[in-house]
Structure formats: structure tokens, C-alpha cells
There are 2 protein chains.
Amino acid sequence: MLDDISRFRRFSRAVTSEVGALDTSFLGRGRPLGAARVLNAIGHGRTDVAAVRAYLGLDSGLMSRLLRGLEDEKLIKVTTDPDDARKRRATLTARGQKEFQAYEHLSDGRAQDLLVKYPHPETLLEAMDLVASALGREKWILEECDPRDPAARYCLEEYYGELNRRFDGGFDVSLSCDPDATDMIRPRGCFLVAMSDGLPLGCVGLKGTDKGYAEIKRLWVSPAARGMGLARRLMAEVEDIARDLNIDLLRLDTNSALPEAVRFYQTGGWTEIDRFNDDPYPDFFFEKAL
Amino acid sequence: MLDDISRFRRFSRAVTSEVGALDTSFLGRGRPLGAARVLNAIGHGRTDVAAVRAYLGLDSGLMSRLLRGLEDEKLIKVTTDPDDARKRRATLTARGQKEFQAYEHLSDGRAQDLLVKYPHPETLLEAMDLVASALGREKWILEECDPRDPAARYCLEEYYGELNRRFDGGFDVSLSCDPDATDMIRPRGCFLVAMSDGLPLGCVGLKGTDKGYAEIKRLWVSPAARGMGLARRLMAEVEDIARDLNIDLLRLDTNSALPEAVRFYQTGGWTEIDRFNDDPYPDFFFEKAL
DNA sequence: ATAGTTATCTGACTTAGGTCAGATAAAATT
DNA sequence: AATTTTATCTGACCTAAGTCAGATAACTAT
């Protein structure tokens, strides 16, 4: 009915007319938009004046005046960068912090007002997660972390939940060979999480063993990021790390109830091998030499 | 990991930084934003000056000046409303049409540039459809139309496609009792389509018969609109029309492979009855007295 | 050391955008 | 018929936002 471009433009119309109102939350505190935007950029951690200027696309003269105005209001303190005395850095004063929080509160309120219109917002929020992840794809960051960190645990919970839904008899972690966190920390292994502006989108674990190979575990990609090549990026990164750790053989297991995973390994340079463990869940086994 | 408000704000950040650029397409033709917005509003069919003013939220003085500017450029012609000589209506001149098309082309180009970054945009576009539909829910319109109109046929194709995916042995319209289009047109029946800014979101047909009852057929709701009460709205409307047509008994059939449909009828005042036709697909039958 | 580059500041200037008070004419209400 | 309301227009005015040219000081490269 509608072609892709029309669908895209329909989306942008809906969003600018409904969500665009969120920008308005920068008003309502008796300060012009420009000054409010600078204050908020600083509040969100952009201390470097040049960075704020680039982010907001402001002329240097204008920026200078806006900073002066905020200084006069005693909301920020501008100091010279110790490493490069040409550069300046701006930080919020206590009063600036309060003002920034007030803006945050306004924005939260607007978001809440819009959300409250939807009796069951979960479907909507899931679609929003996907759109935000896709649009911000260039800003995805792969981070190495402890598998017990909150982002990692969130991914693992989602992963277990999905297995439980997709396996015929469900999935119970305690019956599976749940890897020791310490086996997925350097130097024995590692754990990667992909983050997109605060939302974890996927993870993968490298579990060191004493059997002459390491195992790939817990490869998961959020529904909000599927079809965008994240699994491939995670695997490439974790293989690089494995090489760094002088690991020359990788193994993994998976299940035929996850056909997209099986296909992913088959087309990703992995060779099918015989069962190499006694975990009750997997029925497909692969290895790859590095 | 993130609460609903944070997810919503993450979405709005992503969208304003990526899609916000679409607004910029209103620039680039050497005209100030205000004038460009008015020209585009008129081009999109808002001929009533008051309507444009309300839509863009402009002061009457400012509006007046912007109209004068566009008139001076010979892009629009402002005439007095024949029904109410206080009101004025603006229409594009031939030159204005060309200029409007140039803006449309710019917007299409921007949309295309953003879309082209996604190798398989279908998932993204589906999520965008859903978000746009949800955000624009207040502007949904239920329209009565001929079941052979493009929007109706689009809905029916989607409906058949979904049945084909969800029924065990697939679905073939030609084996089903496909209702005659003329049975779903007044005065025998009717056909309703729900539109949301150009995208059909759902449909329902009322098929007149000569057997003392009418049938509800082809109730479908797009994945982009599920869980938002559209089926209920469509049914309420079609029941009103049935009453208008002096129909006092409705019947319908459905299939246990569509549990949400069965539940919808069970909780919507319908009573299960015995099979009343020999269509090979349905295995659930309902009726409702008006 | 010199020349060029970079980050910021300052002052002068322009424009878009928006507000306000009143004017005008048509329509609606009493 | 008189009054009120509505839709638009006009002129005066203001401010935010942005542009530009040059100044200053610090850093970088030759």
C-alpha cells in the first residue's frame, strides 16, 4: 500500500508531532532554548566546550555568549583545560545541578504524560527500542565486563527467558552447565555486552577450560537488534580476544530449536562435530580453529 | 534494565537526532522555515487559513505576514471563503505547486538517505509503522468503502496472508466462501477500513444474506495496531451500521487457530452456536442478537 | 624562532520569529 | 436592530538566534 519512503515519512510525521513536544520541555523554565540546551548538554556530561559546540552545532561567538549568560546565572563554572590552555571546560555548579535536575524532571513528566495514554505500552516500547537501536546503530559499543555486572545479568536473564519459551520442555539454568563467572573473565576468558545508549542489545561469553579449547557461551541478541549484524560483530570481537589470549580452538553447543543460530554457525566458518559434553539441552556441536 | 520512561526518552533522543534532520529539508530552498512550513501545509491540502494557523500554532499577525510573503512570491493565491466572508482560503499557484513538489522531493531524498543505511529495512519499517500508528491513535479514521477499493484490498491481502501462515494446511481464498463484494455494500451490507495517516490498519465486512441474518466477515487488525482496541472499535461501528440497516441478528465463523479472535468474540457478547455453513476452514461459530 | 593553526572571545550587525494593541468587516446571538 | 463574537489584517515593537570580521592567546610544525 505504502512504499518504504512513504512509511518512513509517515513515521517521522507522527513522531515530530507527538514526541517533538518533548523538546518543549526545554522551555517552561523561563530560559531561552539555546541556553537551556547548553545547560542540558553540560549536565549530560559534555564538559568540553568544543564538544558541546559540535553537538549543538553552534557558532563560537554564540556559544561564548550563552556560556557567559549561564555563568552570570551562576549555573556553570568555566575553567581552562589544564592540558591545553586554549580549551575550556564547563561544569555545573550546585545550583546548576538543581536546575538541570528540574529540566530532567520536566522531560520525564512529558514522557510519562505521553506513555500514560497507552494502557499496555509494552508492545509500543518494544517497537521504540527497536527503532532507537536501529537509528543509533553507529553508536553501538561493545564493552568487556564482568558477567555479574547488571548489563550482563540483564542479557543473561533475557537469554534464559527466550530459551525457556522456545525449547519444548522449557529451560532451567540450574540443569544446564552454567559457566562459572570466573571462567569468563580474563585471563581465562571474557564476557562482552553490546550497549546502545543505555540499553544492552546482546552479549557473548568466552569460557576458558583446561581441555585445550575454549567455549563460546551465551550468545544472545535482543529482538530490538536482530537482523542488523550484531551477532556477527560480537563473534568477530570475541574471536579476536580469544586469539589475544592464545586460544587456538573454540567449541560451542546449540539446539535445533534455534534454527537461526544453527544457520549462523554453519555459515560463519564453524564445523559440526560430535557431542563433546553431557549438557542435557544442546543437540548441535561446533568447533572452529583460530 | 531501563524503566519505561527511560526507554521512551531513549527513543525520543534517537529520533530527534536522526530523523529530526528531516525538518531541515524545509530549508535549503532559500526560504525561512516559517514560510516553508506554511507553503507545505497548504500543499498538503490545508487550504483553510485558520486550519493552517491552528496546525502550525502561529499568531494571526505572523500568519498574515507569511501569507503576504508567499503571495508576493506568486506561490499562493488567497481568496475569500464564499460561505463565510471572514475566512480566507489559500491555494497553490502553478508555481507554488512546483515549489511544493521540490520540497517533497527534498524530504523524500532525506528519507531515502536514512533508509538506505539499513540492508533489510522491513523489520525497522514494521516497528516504525507500529510506533506511528500508536502515537497517532487519536487520528485513526474508520471509513466505509467499497471492498474492491485499494485500501480494502490491501487489508484483505494481508488478512489472507496471515491466515495462510497460521492455519496448519495454509489458506486458499478460492476454497473459502469468499463473499460477493456487492453483499458488502449498502443497502445489503457494508465494508469498513480503519486508516491512520495513509496506512490501513484494519477492516471488517458486513455481508447481507437472505437467510434472516447478516454475517461479520474479514475482521482483521494489522500487527501495527494490535492491543490498541481497534477490533473493538471496528465491531462497535459495524454493529451500529447493521442496526441502521434493520438487521437484528449477526453471525460469524472463525477458527481455533486464531485463539485471540475466539476469545474476542467470547468476551464481546457473542454466543457460540452450531455450524451454520459448509465453509471448510472455520470450526467456531457465533451469533449475536442486536 | 617563525609561521601557521586552533579555541575562544568581543563587538557590530541582520534576520526570523513572535507578541501586542487596535482596526475592520462579516457573522452569530440576543 | 443592537451587541457580541470571529477571522483576519496592520503597525509597532522585542528578543533569540545566528553571522561576520577581527582580536587574543596558546599550541604545533618547520
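Modeller: Start with the word contact: it means heavy atoms within 4.5 Å. Keep in mind that this is a predicted model.

Biologist: How many residues does the contact take from chain A and from chain B?

Modeller: Chain A gives 57 residues and chain B gives 58 residues.

Biologist: How do I put a size on an interface?

Modeller: The accessible area lost when the parts come together is often used. Here chain A and chain B bury about 5500 Å² between them. Carbon and sulfur atoms account for 64% of that area. On chain A, the trio A:Met1, A:Phe8 and A:Arg10 supplies 14% of the area buried against chain B, more than any other three residues.

Biologist: Which polar links join chain A and chain B?

Modeller: There are 18 residue pairs in polar contact, both at pLDDT 80 or more. The elements of chain A that give two or more residues to the side touching chain B are α1, α5, α6 (122-135), α7 (150-166) and β5 (199-208). The residues on that side divide into 29 nonpolar, eleven polar and 17 charged.

Biologist: How many salt bridges are there between chain A and chain B?

Modeller: First, the cut-off: a side-chain nitrogen of Lys or Arg lies within 4 Å of a carboxyl oxygen of Asp or Glu. Between chain A and chain B the count is 14. Over all chains, the search finds 50.

Biologist: Show me one that crosses.

Modeller: Take B:Arg9 and A:Asp108, with closest N and O atoms 2.9 Å apart. This pair runs from helix α1 (residues 4-18) of chain B to helix α5 (residues 94-115) of chain A. B:Arg9 is buried because its relative accessible area, 13%, is under 20%. A:Asp108, at 29%, counts as partly exposed. Another pair is B:Arg10 with A:Asp129, at 3.9 Å from N to O.

Biologist: Which residues are linked in a network of salt bridges?

Modeller: A:Asp4, A:Arg7, A:Arg10, B:Glu122 and B:Asp129 are.

Biologist: What about a salt bridge inside one chain?

Modeller: A:Arg31 pairs with A:Glu73, the closest N and O atoms being 2.5 Å apart. The pair links distant parts of the chain, 42 residues apart. A:Arg31 sits in the loop between α1 (4-18) and α2 (33-43), and A:Glu73 in the loop between α4 (60-72) and β1 (76-80). A:Arg31 is buried at 8% relative accessibility, while A:Glu73 is partly exposed at 32%.

Biologist: Where are the domains of chain A?

Modeller: The domain assignment gives domain 1 (4-117) and domain 2 (138-289). Their centres, taken over C-alpha atoms, are 39 Å apart.

Note on methods. Residues numbered from 1 in each chain as written. Chains lettered and ligands numbered in written order. Predicted model: local features only at pLDDT ≥ 70, side-chain atom pairs only at ≥ 80, totals over all residues. Heavy atoms only, no water. Helix = DSSP H or I, 4+ residues; strand = E, 2+ residues; numbered from the N terminus. Buried < 20%, exposed > 50% of the residue type's maximum accessible area, 1.4 Å probe, protein only. Domains from an automatic or database assignment. Buried area = accessible area lost by both parts, 1.4 Å probe. Polar contact = N/O pair within 3.5 Å; in protein donor to acceptor, adjacent residues only side chain to side chain. Nonpolar A, V, L, I, M, F, W, Y, C, P; charged D, E, K, R; others polar.
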